[in-house]
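We will go from stop to stop, selecting a few residues each time.

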Amino acid sequence: MSAASNPELERLLADLEADRAADAALPFTRLAADYFARSAAPDRPVTTRAAPEALAALVTPPPEEGGPLPDVVARLAALVDNSIWLSHPRYMGHQMAGPNPAAVWTEPVIGALNQSLAIQEMSPAVTAVEHRLVHWLAERIGLPPGAGGTFTSGGTEANFTALLAARAAALPDAWTEGLVRDRLPVILCGQHVHYAVTRAAAQLGLGTRRAIPVPATPEFRLDTGALRQRLEELARRGTPVMAVVATAGSTATGSYDDLQEIGALCDEHGVWFHVDGAHGMTAAFSARRQSLVAGAERARSVVWDAHKTMLMPLSLGLVLTRSEHDLEAAFTQDAPYIFHAGSGRRWDQGPRSFQCSRRADPLKLWVALERYGSRAIGLLFDHLCDLTAELYGRLREHPRFEPLHRPDCNILCFRYVPPDPADPAAIDELNRQLRQAYNGEGTGWITTTMLHGMRVLRVTVMNPRTRTEHLDDLIAELERTADRLRFR
Ligand SMILES: Cc1ncc(COP(=O)(O)O)c(C=O)c1O
């Protein structure tokens, strides 16, 4: 039946056309701008107090017949209200950014264009943007001119991709033949590595057991002395090492491993050197903290999430390899219906990526750079790190708080220590309850982890709106809440 003879379809096509107009888009943009404005209000709770069941009840089954756009936007506003507000200056929780607005306003353009970065002909201009940004970022950390990379959905995909490339180098037949059980290689990684790395070991068919943790120093960095010993031991036993994984900004404490030293050890032993800089590679843009990532230029592969400390909205990760061919070797696929580029420069990124259809996400980084300039990346990173250093100073002076480490970047772990003696289990439980009660109040939001076997409080400063007065609020409110819990 043609559209002309089907009034319902005719109406739907007319609605689709009307919804393409700026008037239809405006209420969505207003809702987002209003969210930004309201999340700066000091008395605004950081997160919803509604229980998961109540939130599930908010989401009614989808209607068969749609409704007017203003009604839909009004219901969307209720979901916004019941979200966790990362743009609130007292949100200091997980490593999600209070995103930079120019990148946010690019999202509708990315959606409208709906380019796929699988192959150049499906995204002519944005493929050029991806290539430019990949090579510019590789150059920034000192990788050689032949380096390559792709943007990814995040650090998990990026780490998997890098280690897949390492597997292709160590076991070139694994792609076609699968893994042969005897003499499988191992991966050496720091004790505090992100689970994306051990997960990748399992996904690559090595098994998590073959991701061998190397002990950490008391400052939560990979102990390079222990790494040297491990490498020598494995060489003596004839166990092949597929990769050594260093972390540049660990998840729990933001600690940076010594990339120079680890890179040198990898060179000495002829081992693939991988750097998981998902959180902290942005230090490469900082005038004062660049030395934290010195040695990244020795890496065979590097992960770097723009959606973390570059403050991009989700999602935008990145994997870089020392040679573009490392990625092509990782994904050896014959698919003539899509990969049919001729000779010459290989622009298609699909053969270098885990994904087929890929969002044009690099566009938002390009817009942010055009708007704020590349110097802004380092300035904002330093702003977040400086605030975290201020918090460290304040906590160190405070009789009731004990920082667990001096922060390298924008992550800090500490704990509340009660004035009256208590056994370690009671202090752990008090800290657990403290985080829960503080977050429940809604004045701020922090996370927690275990360090040295102890329950600790954890802060990541990911929002450029956070100022020193918000750090004071955090300390005062945590102390008040702890007193309330103790005297309950
Ligand atoms: C060091 C590190 N690597 C990898 C990841 C995983 O990144 P994503 O959440 O973008 O997949 C994280 C996430 O927190 C991380 O901190």
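## Stop 1: two helices side by side

Helix 10 passes helix 11 in a right-handed crossing. This is a predicted model, so keep that in mind at each stop. Select residues 224-237 for helix 10 and residues 259-269 for helix 11. Their axes come within 10 Å and cross at roughly 10°. Angles under 35 degrees count as roughly parallel, so helix 10 is roughly parallel to helix 11.

Now show the side chains where the two helices touch. On helix 10, pick T224, L227, R228, L231 and A235. On helix 11, pick E261, I262, L265 and H269. Which classes of residue make the contact of helix 10 with helix 11? There are five nonpolar, two polar and two charged residues.

## Stop 2

Select V271. You are in the loop between helix 11 and strand 5 (273-276). Is V271 buried or exposed? V271 is buried, because 24 other C-beta atoms lie within 10 Å and the cut-off for buried is 20 or more. Show V241, A243, V244 and C266 as well: V271 touches these residues, leaving aside those up to four places away in sequence.

Next, draw a distance from V271 to A102. The two are 169 residues apart in sequence. From C-alpha to C-alpha, they are 41 Å apart in space.

## Stop 3: a covered strand

Select residues 148-152, which form strand 1. Five of its five residues are buried. Look at one side and you find G148, T150 and T152; turn to the other and you find G149 and F151. Both faces are covered.

Zoom in on F151: L318 in strand 7 stands opposite.

Step back to the loop between strand 6 (301-303) and strand 7, where S315 lies. The peptide bond from L314 to S315 is cis, with omega near -10°. Most peptide bonds are trans.

## Stop 4: an open sheet and its helix

Find the open sheet of four strands, in the order 8-9-11-10. The pairing is antiparallel. Which strands are at the edges? They are strand 8 (401-403) and strand 10 (447-451), each pairing on one side only. On average, neighbouring strands in this sheet are turned by 40° against each other, ignoring direction.

Colour strand 10 and strand 11 (residues 454-460). Five bridges join this antiparallel pair. Among the partners, T449 is bridged to V456 in strand 11.

## Stop 5

Most residues other than glycine have a negative phi.

Select H452, in the loop between strand 10 and strand 11. Its phi is near 45°, a positive value. H452 is exposed, because 9 other C-beta atoms lie within 10 Å and the cut-off for exposed is 12 or fewer.

Finish at N114, in the loop between helix 5 (101-113) and helix 6 (124-140). N114 has a positive phi of about 50°, although it is not a glycine. N114 is exposed too, with 11 other C-beta atoms within 10 Å.

Key: Residues numbered from 1 in each chain as written. Predicted model: local features only at pLDDT ≥ 70, side-chain atom pairs only at ≥ 80, totals over all residues. Axes fitted to C-alpha atoms, helices over the stretch in contact; angles between N-to-C directions. Parallel < 35°, antiparallel > 145°, perpendicular 65-115°, else oblique. Left-handed = near helix turned anticlockwise from the far one by under 90°. Contact = placed C-beta atoms within 7 Å. Nonpolar A, V, L, I, M, F, W, Y, C, P; charged D, E, K, R; others polar. Pairing = 2+ DSSP bridges.
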